[in-house]
Amino acid sequence: MDRRLKMNKPVIIVGAGISGIYTASLLSAKGIKCKVIESRDRIGGRILTEEAAGAKFDLGPTWFWPQHEPRITALVKKLGLKTFTQHTAGDLLFEQYADHPAQHHTLPAHAVERSERIEGGIYSLIESIAETLPVETIKLKTQVTAIKMNAHHEMTVNVLNDDGEDRTLEASSVVLALPPRLTKRISFEPELQELSDLPTWMAGQAKMIAVYDRPFWREKNLSGQAMSWTGPLQEIHDASPIKGPGALFGFFSLTAKQRREMGEEKVKKLALEQLIRLYGSEAEQPVAILYKDWSADADTATVEDALPLTDFPQYHPLEITGEWQDNLVFAGTETSSDSGGHLEGAIRSAERAVRIILERN
């Protein structure tokens, strides 16, 4: 295919999570036309920030580690976003039995690595990246149904919008910036061999945030951190913003199947009872409870993702061979061998995808 003709067609990016949005931003900065296609009615992917009690809380990723994650640290600084250090001062609670008081553990200084949160939630990062894009770069509520390539290596992307309208878009290249397992829902012509079965990070999990008028546990010299063998929350952290209300968030030991069978209201009730056990009667009356079960999100999880992970997956770049080699590239945190599963890995994967596209062009 003639290089000049190819460059007149946009790079189609499938997925408007942080990998997809940042890929588009980097390519646009190089003068390369892009189109981001997103099936949700919002950008951000697994980054989800919701408001309660006048503050914003993250139901997806919450923090990053500046001492280990230089890419996101530099990007946050470049975009002028304000950060604050995650609260960890005070005792950690360890709950071994539901009918026994939790143990208090005073951790040694610097036992917990410093992590940073973004004021206004992680979604502020997504919004700031999106603001760097030309108008109408992102198309929401649009499903990619097929990606086709003819004998001349000319590519088309079939999409279906929320009105039921089918459209065909021409593309110079396609970036699959979504969990690898979700690409199995797209038809490829010719067939794309060996689609990866890499687990989607956190897709089988749910997250609950209990919001209070103040972080009252700090008055008892508690950090808000807790670990539990009894559940339903296995791991709890302080989710309070830098000012305003207090909040505790937790990840569940309950499997996706157990949560589905119980129903959301019972799951939240059991979690609140656990917070009362751990933090006392002041935990009885949250001003709000936020809940997101990612395993029930069809734009995130597949049936396979409902199975609990027994170990941290070995994430790595997905190399494409054969007929698609020069026209298709994967991005997404699952495709980063460095910090895969984290925001840092998502950003690194976008940078890698852009390098590959620039080398091809």
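Colleague: Where is the place of Glu136?
Modeller: This is a predicted model, numbered from 1 along each chain as its sequence is written; local features need pLDDT of at least 70, side-chain atom pairs count only at pLDDT 80 or more, and totals for chains, interfaces and linings use all residues. Helices (H or I, at least four residues) and strands (E, at least two) are DSSP runs, numbered from the N terminus. Glu136 is placed in the loop between α4 (123-130) and β9 (138-139).

Colleague: Is Glu136 buried or exposed?
Modeller: Most residues other than glycine have a negative phi. Glu136 is not a glycine, yet its phi is positive, about 70°. The cut-offs are under 20% relative accessible area for buried, over 50% for exposed, and partly exposed in between (1.4 Å probe, protein chains only). At 65% relative accessible area, Glu136 is exposed.

Colleague: What is the relative accessible area of Met202?
Modeller: Met202 also has a positive phi, of about 65°, although it is not a glycine. Met202 is found in the loop between β14 and β15. Met202 counts as partly exposed because its relative accessible area is 28%.

Colleague: What is omega for the cis bond that joins Gly231 and Pro232?
Modeller: Pro232 is in the loop between β16 (222-228) and β17 (233-238). A cis peptide bond joins Gly231 to Pro232, with omega of about 10°.

Colleague: How are α2 and α4 oriented to each other?
Modeller: Axes are lines fitted to C-alpha atoms, for helices over the stretch in contact, and angles run from 0 to 180 degrees between N-to-C directions. Helix α2 (residues 18-29) packs on α4 at about 25°, with the axes 9 Å apart. Under 35 degrees counts as roughly parallel, over 145 as roughly antiparallel, 65 to 115 as roughly perpendicular and the rest as oblique. So α2 and α4 are roughly parallel.

Colleague: How many nonpolar residues are in the contact of α2 with α4?
Modeller: Contact means heavy atoms within 4.5 Å. Ile18, Ile21, Tyr22 and Ser25 of α2 meet Leu125, Ile126, Ile129 and Ala130 of α4. Ala, Val, Leu, Ile, Met, Phe, Trp, Tyr, Cys and Pro count as nonpolar, Asp, Glu, Lys and Arg as charged, and the others, Gly among them, as polar. The contact of α2 with α4 has no charged residues, one polar and, in the nonpolar class, seven.

Colleague: At what angle do the axes of α2 and α7 cross?
Modeller: The axes of α2 and α7 come within 8 Å. The two helices are oblique to each other. The contact residues divide into 10 nonpolar, three polar and one charged. The crossing angle is roughly 40°.

Colleague: How are α3 and α7 oriented to each other?
Modeller: The axes of α3 and α7 are 8 Å apart. Their packing angle is about 85°. Therefore α3 and α7 are roughly perpendicular.

Colleague: How many charged residues are in the contact of α3 with α7?
Modeller: Pro70, Arg71, Ile72 and Leu75 of α3 meet Leu343, Glu344, Ile347, Arg348 and Glu351 of α7. By class, that contact holds five nonpolar residues, no polar ones and, among the charged, four.

Colleague: Within what arc do the buried residues of α3 fall?
Modeller: In α3 (residues 70-78) the buried residues are Ile72, Leu75 and Val76. They line one face of the helix, because seen down the axis of α3 they fall within an arc, taken from the directions from the axis to the C-beta atoms, of 100°.

Colleague: Which exposed residues does the face of α3 turned away from its buried side carry?
Modeller: The buried residues of α3 pack against α2, β5 (83-85), β8 (116-118), α4 and α7 (343-360). The face turned away from that buried side carries Lys77 and Lys78.

Colleague: What is the relative accessible area of Ile12?
Modeller: Ile12 lies in strand β1 (residues 11-14). Beyond its neighbours within four places in sequence, its contacts include Lys35, Ile37, Val157 and Leu169. Ile12 is buried, with a relative accessible area of 1%.

How values were computed. Heavy atoms only, no water.
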